Amino acid sequence: YQDYIDLLRPQVVVMSYGPLEVDMPAGKMDLGTVESDATASYVNETGTGPNASEPTTGAKQLVAKKLMVVVPVKNDWIRRANAGADALIRNNIIARAGVRKDAAFLTGDGTQDTPRGIISQALAANVFGQVGTDYAGIAGTLSKARRVLKNANCPWLKVGWVFSPRTE
């Protein structure tokens, strides 16, 4: 394995944030959702006030997606390769799958049996581009992103930023 110079690949970031992975042995999973919240209000001393309200619910169906890496290897290469050749192929498969998963998790559009990524699931009003390439523009964009999340009452747990190396 040390006889080879490996490729330079993008860093894999999404899985490093520790996302929740859901096991779906049947390939599908129905997940209940809360679509609207109950209301709360103060009432007068006699207990009269607003009408009762109840949350509305819905459902989403999660469908498993299958990622596959196919690497045909010639018999001659296997016979003549050094002892670490199998590790080279295995590491190549793992690295390529990681890069592809990252791309799908971030920007996937859900077509052609691919997952829908974070960006395609966000409301259009919450997707915006970087404002400028100088420090002030980048800082302003990050500040806006944080403000949008906070204003939407998103849980501020396991937050991570993904940048292109140029921006970082």
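Searching the whole structure, which is a predicted model, turns up one salt bridge. The partners are R79 and D76, and their closest N and O atoms sit 2.5 Å apart. A search for aromatic pairs, on the other hand, comes back with zero.

**The salt bridge**
- Both R79 and D76 belong to helix 1, which covers residues 75–80.
- Three residues separate R79 and D76, and that's about one turn of the helix.
- Is R79 buried or exposed? R79 is exposed, since its relative accessible area is 59% and the cut-off for exposed is over 50%.
- D76 comes in at 39% relative accessibility, so D76 counts as partly exposed.
- As a bit of background, side chains with opposite charges can pair when their charged atoms come close.

**A charge over a ring**
- Look for K144: its charged end sits over the ring of F128.
- The distance from that charged end of K144 to the centre of the F128 ring is 4.4 Å.

**A nonpolar patch on the surface**
- Which residues make up the patch? They are Y17, L149, W156, V159, W161, V162 and F163.
- Taken together, the residues of this patch have about 570 Å² of accessible area.
- Y17, one of the patch residues, is found in the segment before strand 1 (28–36).
- Y17 has 34% relative accessibility, so Y17 counts as partly exposed.

**The loop between helix 2 and helix 3**
- T114 is in the loop that runs between helix 2 (85–107) and helix 3 (118–121).
- With a relative accessible area of 16%, T114 is buried, because buried means under 20%.
- A polar atom of the T114 side chain lies 2.6 Å from the backbone oxygen of T111.
- D113 is also found in the loop between helix 2 and helix 3, but D113 is exposed, at 66% relative accessibility.

**Positive phi angles**
- Most residues other than glycine have a negative phi.
- D113 isn't a glycine, yet its phi is positive, at about 60 degrees.
- N153 isn't a glycine either, and N153 has a positive phi of about 60 degrees.
- Where is N153 found? Look in the segment after helix 4 (135–151).
- N153 counts as exposed, with 67% relative accessibility.

Notes. Residues numbered from 1 in each chain as written. Predicted model: local features only at pLDDT ≥ 70, side-chain atom pairs only at ≥ 80, totals over all residues. Heavy atoms only, no water. Patch = residues over 30% accessible without salt bridge, like charges linked within 9 Å, V, L, I, M, F, W, Y side chains within 5 Å. Areas by Shrake-Rupley, 256 points an atom, 1.4 Å probe, with all protein chains shown as cover. Salt bridge = Lys/Arg side-chain N within 4 Å of Asp/Glu carboxyl O. Helix = DSSP H or I, 4+ residues; strand = E, 2+ residues; numbered from the N terminus. Buried < 20%, exposed > 50% of the residue type's maximum accessible area, 1.4 Å probe, protein only. Phe/Tyr/Trp six-rings, centres within 6.5 Å; stacked < 30°, edge-to-face > 60°. Lys NZ or Arg CZ within 6 Å of the ring centre and 35° of its normal. Polar contact = N/O pair within 3.5 Å; in protein donor to acceptor, adjacent residues only side chain to side chain.
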